[in-house]
Amino acid sequence: DALPICNMNERKCVTEAYNLLASYAEELYGPEQDVPTGNDDQPSESEDDDVEAALKKEVEQIRSITENNLRRFQMVESGANNVIFIKTHSIEPEKLVHYILKDFYTTKHKKCRVILRMLPFSGTCKAFLSDMKKYAETFFQPWFKVPNKGTFQIVYKSRNNSHMSRDEVIKELAGIVGVLNPENKVDLGSPKYTIVVEIIKSVCCLAVLEDYVLFRKYNLQEVVKESRAEIVQNRVQMQPEEIMTESKQSVETHNEILTEVNEEVRAQVGIPREATLKPDLEDLTEAKHNMEIKLENLMGAKQEK
């Protein structure tokens with residue numbers, strides 16, 4: 001399941017999420033199949049004679065139609081403001097969302113305006129510590145049980161729930177990861193895996209995500225921005241001529257901005273356009289005189305009132 005998080009405007013968030021997920025899902029899994037009508041196969045006369053066989057076939061047809069009527073993505077009420085819960089069918093949510101973020105990160109092309117973050121969850125249980133511990137013991141195995149291992153961190157968020165303790169949840173889940181394989185180590189800087197715990201009312205959503213730090217906490221708005229290290233790396237790879245050209249353009253832009261600022265300062269202070277902004281006595285005296293005149297006029301206007 002996918003959990004898009006927005007900042008107000010939930011209706012637009014839903015539309016964006018549907019379009020984004022459908023577009024990338026088609027790239028990964030192909031176009032969504034049309035819903036069958038169930039009228040393609042008509043029973044033969046021999047099947048009509050066999051009531052049991054005919055009934056069994058009809059049940060299978062109904063089951064097939066029901067399963068295929070489940071669309072790839074379907075919105076479900078989340079129970080929290082600015083959080084959209086989209087249920088997925090025949091889709092690996094972690095794989096799909098990671099694919100989306102990787103494309104955003106690589107191309108630096110932002111394809112959404114309202115969605116802030118998109119978190120994929122493949123596990124849900126009741127938001128009680130005993131239920132979470134029992135569920136996590138099985139859920140964590142593909143990533144952390146021997147021979148699998150990896151560094152990890154735990155990210156916890158609770159919405160509309162006050163009976164859960166953040167520290168207690170993190171402690172218990174980290175303990176389970178340690179039991180599955182003692183070589184699993186906590187790394188808060190650059191972990192291989194990030195365990196995301198999102199509690200909404202009485203439901204706990206769990207996910208084990210890769211590249212959580214690299215993809216800016218799965219933030220679709222931030223992942224398209226260049227980091228400081230990326231900017232430096234890009235400059236290092238540039239040719240000297242390109243660096244000189246870009247530097248010259250930056251200086252020209254800076255000078256244009258500085259000129260606009262200076263003109264605005266001149267207008268506010270009362271310095272003539274032909275005068276320089278050097279702090280010589282003549283310019284300062286003229287500016288002071290102009291300000292004194294403005295002040296006298298202002299005081300006289302107040303007295304007349």
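Colleague: Why does tyrosine 99 count as partly exposed?

Modeller: Its relative accessibility is 30%. A residue is buried under 20% relative accessible area, exposed over 50%, and partly exposed in between (1.4 Å probe, protein chains only). Tyrosine 99 therefore counts as partly exposed. Please note that this is a predicted model, in which local features need pLDDT of at least 70 and side-chain atom pairs count only at pLDDT 80 or more, while totals for chains, interfaces and linings use all residues. Residues are numbered from 1 along each chain as its sequence is written, and side-chain values use heavy atoms, with hydrogens and water left out.

Colleague: What makes tyrosine 24 buried?

Modeller: The relative accessible area of tyrosine 24 is 2%, so this residue is buried.

Colleague: How many aromatic pairs does the structure hold, and why is the pair of tyrosine 24 and tyrosine 99 called edge-to-face?

Modeller: A search of the whole structure finds 10 aromatic pairs. For tyrosine 24 and tyrosine 99, the ring centres are 5.9 Å apart and the planes stand at 80 degrees. Rings of Phe, Tyr and Trp (its six-membered ring) pair if their centres lie within 6.5 Å; planes under 30 degrees apart count as stacked, over 60 as edge-to-face, and the rest as tilted. The pair is therefore edge-to-face. It links distant parts of the chain, tyrosine 24 in helix H1 and tyrosine 99 in helix H4, 75 residues apart. Helices (H or I, at least four residues) and strands (E, at least two) are DSSP runs, numbered from the N terminus.

By contrast, phenylalanine 139 and tryptophan 143 form a tilted pair, 5.4 Å centre to centre with 50 degrees between the planes. Both of these residues are buried. They belong to a cluster linked by ring pairs, which also includes Tyr135, Phe140 and Tyr193.

Colleague: How do you know that the span of H4 is close to the expected one?

Modeller: Helix H4 (residues 93-107) has 15 residues and reaches 21 Å from its first C-alpha to its last. The expected span is 1.5 Å times one less than the number of residues, and for H4 this is 21 Å. Among the buried residues of H4 are Leu96, Ile100 and Phe104.

Colleague: What makes lysine 108 sit over the ring of tyrosine 105?

Modeller: The charged end of lysine 108 is 4.3 Å from the ring centre. A charge sits over a ring if NZ of Lys or CZ of Arg is within 6 Å of the ring centre and within 35 degrees of the ring normal. Lysine 108, which follows H4, also has a positive phi, near 60 degrees.

Colleague: How many disulfides are there, and how do you know that cysteine 6 is in none?

Modeller: The search finds 0 disulfides. For cysteine 6 the nearest cysteine sulfur, that of cysteine 13, is 3.9 Å away. A disulfide requires a pair of cysteine sulfur atoms within 2.5 Å, so the distance is too far for a bond. Cysteine 6, at 5% relative accessible area, is buried, and cysteine 13, at 0%, is buried as well.

Colleague: What makes E8 a partner of E5 and of E7?

Modeller: Two strands pair if DSSP finds at least two bridges between them. Strand E5 (residues 123-126) and E8 have 4 bridges and pair in the antiparallel sense. Strand E7 (residues 193-200) is joined to E8 by 8 bridges, also antiparallel. E7 and E8 form a hairpin with 2 residues between them.
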